[in-house]
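Student: I have a structure open and would like to go through it with you. Where do we start?

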Amino acid sequence: MPTPPGADPAVVGPYLASVLGDERWRSITVELIAAGMSNLTYVVTPEGGGADDAVILRRPPTGAVLATAHDMAREHRVISALVPTPVPVPRTLHLCTDPTVLGAPFYVMERVIGVHVARELPAGYADSPDQRRAIGNALVDTLGDLHSVDPAAVGLADFGRPQGFAARQVRRWTTQWEATRDRDRPGLDALAARLAETVPTTDRAGITHGDYRLDNCLLDPAAPGRIAAVLDWEMSTLGDPLTDLGMMLVYWPQAGENRPSSQSPVTALPGFPTRLEIADRYAARTGTDLSELNWYVAFGFFKFAAIIAGILARSAAGAMAGKDTSGYADRIDPCVELGRAALDDGAI
């Protein structure tokens, strides 16, 4: 097996043996399981060990410079803080802040065995509508549980600046769009302006995941209605919890839809709850007033469109080698229209 970039087994093995106090880690295999512009994720297995013996190592992309978006200590901190809460997260094992070890800070956590659902459900898993509904309900309940955690009670009182969070997010993603615009898109400019003019005045505060969706969770292999672990906390902060819910709905196609923002068509299968049912369950779970939810959905579509524009800009600059971005440009205008419909018609 070729040595994966960023986690040389000859370095990782002796290091883990030392910091974990266990010589079985001295000889290991390392497998890269998630790569790209996001943080890199590796499965590290001691020689002769199996899946139950493995751990997960997370580090920034190789070559990342001043990677504030890839802050390993921050990601390690929020996961560690959530361990004693109802939110299912892996148990953290070690944080290395010394960049001389692997060229960047990294952390190690337990490996959670679970079902990762991306483009389709695995054969034989959640075949019945009842099981699919249970998956959807569990995703909503877990998000509600996250937003119900008192940040101060778990040592995260200073984890972000929730006051004015929504307005800052609109400014941030407007700046992103202006820096990466592929061509004139007056509809997207107009959507950005309207969002800035209509930011909700209610300052809600909670721990936000930043990219909460089905494929950022692991499902229990034996019980589809249980979330085994929530992953990918690199965008988490203290902010307005409804930005999480709005983005989750943006990613959530229902029966008969093929949304331009869909990361997975799975939720359109029979049994999965509708977006309205998700909103209703979240409100019942948390007691949150959702009268302004349409704004957060509109912002989610704007953010997604800005992300796509950024991908197109990186592709044009040759920084997305190996990634097929054909058709990406065609996803922006439909997202703008869906954002406008959310603001004008209350569509979620």
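Tutor: Start with one residue. Setting aside neighbours within four places in sequence, serine 262 is in contact with Tyr251, Pro253 and Arg331. Keep in mind that this is a predicted model.

Student: Where is serine 262 found?

Tutor: Serine 262 sits in the loop between α7 (242–250) and α8 (275–286).

Student: Is serine 262 buried or exposed?

Tutor: Serine 262 has a relative accessible area of 13%. Buried means under 20%, so serine 262 counts as buried.

Student: OK, other topic. Which helix has tryptophan 173?

Tutor: Tryptophan 173 lies in α5, the helix of residues 165–180. Its relative accessible area is 7%, and tryptophan 173 is buried.

Student: What is tryptophan 173 in contact with, leaving aside neighbours within four places in sequence?

Tutor: The contacts of tryptophan 173 are then Phe299, Phe302, Lys303, Ala306 and Ile307.

Student: How far apart are tryptophan 173 and lysine 303 in sequence, and in space?

Tutor: In sequence, 130 residues separate tryptophan 173 and lysine 303. In space, the distance between them is 6.2 Å, C-alpha to C-alpha.

Student: And for the chain, what share of contacts join residues at least 24 apart?

Tutor: Count the contacts between residues at least 6 apart in sequence: 68% of those join residues at least 24 apart.

Student: How many helices and strands are in the chain?

Tutor: The chain has 10 helices and nine strands. One of the helices is α4, residues 129–148.

Student: What span should α4 have?

Tutor: α4 has 20 residues, and at 1.5 Å a residue the helix should span 28 Å. The C-alpha atoms at its ends are 29 Å apart, which agrees.

Student: How many residues of α4 are buried?

Tutor: In α4, 14 of the 20 residues are buried, so the helix is mostly covered.

Student: Back to the chain. What radius of gyration does it have?

Tutor: The chain has 21 Å. A compact globule of 348 residues would have a value near 20 Å, so the two agree. Along its principal axes, the C-alpha trace spans about 60 × 45 × 40 Å.

Student: What part of the chain is buried, and what is its accessible surface?

Tutor: Of the 348 residues, 50% count as buried. The accessible surface is about 15400 Å², with 52% of that belonging to carbon and sulfur atoms.

Student: Last one: how many charges are there?

Tutor: There are 31 positive and 42 negative charges in the chain, and their mean positions are 2 Å apart.

How values were computed: Residues numbered from 1 in each chain as written. Predicted model: local features only at pLDDT ≥ 70, side-chain atom pairs only at ≥ 80, totals over all residues. Heavy atoms only, no water. Helix = DSSP H or I, 4+ residues; strand = E, 2+ residues; numbered from the N terminus. Expected span 1.5 Å × (residues − 1). Buried < 20%, exposed > 50% of the residue type's maximum accessible area, 1.4 Å probe, protein only. Rg over C-alpha atoms; globule rule 2.2 N^0.38 Å. Contact = heavy atoms within 4.5 Å. Areas by Shrake-Rupley, 256 points an atom, 1.4 Å probe, with all protein chains shown as cover. Lys, Arg positive; Asp, Glu negative; His and termini not counted. Charge placed at Lys NZ, Arg CZ, Asp CG, Glu CD.
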